[in-house]
Amino acid sequence: MGEATCRWEPLAEGWIKINVDGAFGDNGRAGVGVVIQDHQGKVLLSSWRAILNAGSAEEVEALACLEGVRLASNWERKHAVLESDCETVTKALNMSHHGRSYLCFVFSDIFEFASLLPEGKFQAIKRKRNQVAHELAQL
């Protein structure tokens, strides 16, 4: 993978980028990392959080998404693009129905907080483009 693929992709003015990642470890211990940047790439907010008794890597990734939109809705109420390196979760967030997913309650909370933002998008990215959130999740 070339260096050009790991560069910051600017957003339209007035948009923020929410990069999230989850790290799932032994015995249900996990962590989530969040980095929120403005349209020029300036870091507005970063966060990490420990999660106890997590059931799966997908659950932790979904909880990272929840933490990201929760922080954005509380601190930076702007148009937002949430990026995660977990394609399974970002695909699920872009679907209209989650009733049978074991993560349906987490997804419901994500959409509730996202509804407080003017507009929100969810997209998958490569881990190399999510390195800071990935490192935060490891703490």
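## Strand β2 and Gln37

Strands, like helices, are DSSP runs numbered from the N terminus, a strand being an E run of at least two residues. In this predicted model, strand β2 covers residues 30-37, and Gln37 belongs to it.

Gln37 has a relative accessible area of 14% and is therefore buried, the cut-off for burial being under 20%. A polar atom of the Gln37 side chain lies 3.1 Å from the backbone oxygen of Gly41.

## Packing of helices α1 and α3

Helix α1 is formed by residues 57-75 and helix α3 by residues 104-114. The axes of α1 and α3 come within 8 Å and cross at roughly 20°. Because angles under 35 degrees count as roughly parallel, α1 and α3 are roughly parallel to each other. The crossing in which α1 passes α3 is left-handed.

On the α1 side, the contact is made by Ala62, Leu63, Cys65, Leu66, Val69, Arg70 and Ser73. On the α3 side, Val106, Phe107, Asp109, Ile110, Phe113 and Ala114 take part.

## Cysteines

A disulfide requires a pair of cysteine sulfur atoms within 2.5 Å, and by this rule the count of disulfides is zero. Cys65 is in no disulfide, and the nearest cysteine sulfur to it, that of Cys86, is 7.6 Å away. Cys104 is likewise in no disulfide; its nearest cysteine sulfur is that of Cys65, at 16 Å.

Cys65, one of the α1 residues in the contact with α3, has a relative accessible area of 0% and so counts as buried. Cys104 has 18% relative accessibility and therefore also counts as buried, given the cut-off of under 20%.

## Asparagines with positive phi

Most residues other than glycine have a negative phi. Asn27 is not a glycine, yet it has a positive phi of about 60°. Asn27 is found in the loop between β1 (15-24) and β2. With a relative accessible area of 66%, Asn27 is exposed.

Asn53, also not a glycine, has a positive phi of about 60°. The loop that holds Asn53 lies between β3 (43-51) and α1. Asn53 has 67% relative accessibility and therefore counts as exposed, the cut-off for exposure being over 50%.

Note on methods. Residues are numbered from 1 along each chain as its sequence is written. This is a predicted model: local features need pLDDT of at least 70, side-chain atom pairs count only at pLDDT 80 or more; totals for chains, interfaces and linings use all residues. Side-chain values use heavy atoms; hydrogens and water are left out. Helices (H or I, at least four residues) and strands (E, at least two) are DSSP runs, numbered from the N terminus. Buried means under 20% relative accessible area, exposed over 50%, partly exposed in between (1.4 Å probe, protein chains only). A polar contact is a pair of N or O atoms within 3.5 Å; within protein, one must be able to donate a hydrogen and the other to accept it, and residues adjacent in sequence count only if both atoms are side-chain atoms. Axes are lines fitted to C-alpha atoms, for helices over the stretch in contact, and angles run from 0 to 180 degrees between N-to-C directions. Angles under 35 degrees count as roughly parallel, over 145 as roughly antiparallel, 65 to 115 as roughly perpendicular and the rest as oblique. A crossing is left-handed if the near helix is turned anticlockwise from the far one by less than a right angle, and right-handed if clockwise. Contact means heavy atoms within 4.5 Å.
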